Amino acid sequence: MAALVSFYGEKPIDMPDSSERLYIEQLPLSEASEFEVGYPEPDVVYVRHPVSRTRLIPLASYHSQILVEKTNDAIAKLTALGASKIDLSYSGKISDQAKADVEILFGVLSFGGNKSDS
């Protein structure tokens, strides 16, 4: 089962000869209903979710989406354990877009730079 999936309308896209290292499973748009994908678009590459193999996330937003989900899971677990305040730190390697996505969703949290900065 391929980790990368794309849907096509009329016919699959011919892959270049070097595609042996990168495999994208191409499926007809009519099979999109078998996946949790929202509004599938032809010729967009999706990544299978690491937990739910039927859930597809557009490749362009995959990392930020997974970061938000992991952050949400961590917050839920920490609050279930009794945390009343959570300080979220991230390394300098995280993209500005991912930082913005997390800060918008979890703006009530205290955000910092590298842990060594605290």
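Me: Which residues are buried in α1?

Reply: In this predicted model, where local features need pLDDT of at least 70 and side-chain atom pairs count only at pLDDT 80 or more, totals for chains, interfaces and linings use all residues. Residues are numbered from 1 along each chain as its sequence is written, and side-chain values use heavy atoms, with hydrogens and water left out. The buried residues of α1 are Tyr-62, Ser-64, Ile-66, Val-68, Glu-69, Thr-71 and Ile-75, where buried means under 20% relative accessible area, exposed over 50% and partly exposed in between, with a 1.4 Å probe and protein chains only. Helices (H or I, at least four residues) and strands (E, at least two) are DSSP runs, numbered from the N terminus.

Me: Why does Phe-35 count as buried?

Reply: Phe-35 has 14% relative accessibility, and therefore counts as buried, the limit being under 20%.

Me: What makes the pair of Phe-7 and Phe-35 edge-to-face?

Reply: Rings of Phe, Tyr and Trp (its six-membered ring) pair if their centres lie within 6.5 Å, and planes under 30 degrees apart count as stacked, over 60 as edge-to-face and the rest as tilted. The ring centres of Phe-7 and Phe-35 are 5.9 Å apart and their planes stand at 65°, so this pair is edge-to-face. Phe-7 lies in strand β1 (residues 4-8), whereas Phe-35 lies 28 residues apart from it, in the loop between β2 (24-28) and β3 (45-48).

Me: Which residues do ring pairs link into a cluster?

Reply: Ring pairs join Phe-7, Phe-35 and Tyr-46 into a cluster, and the structure holds two aromatic pairs.
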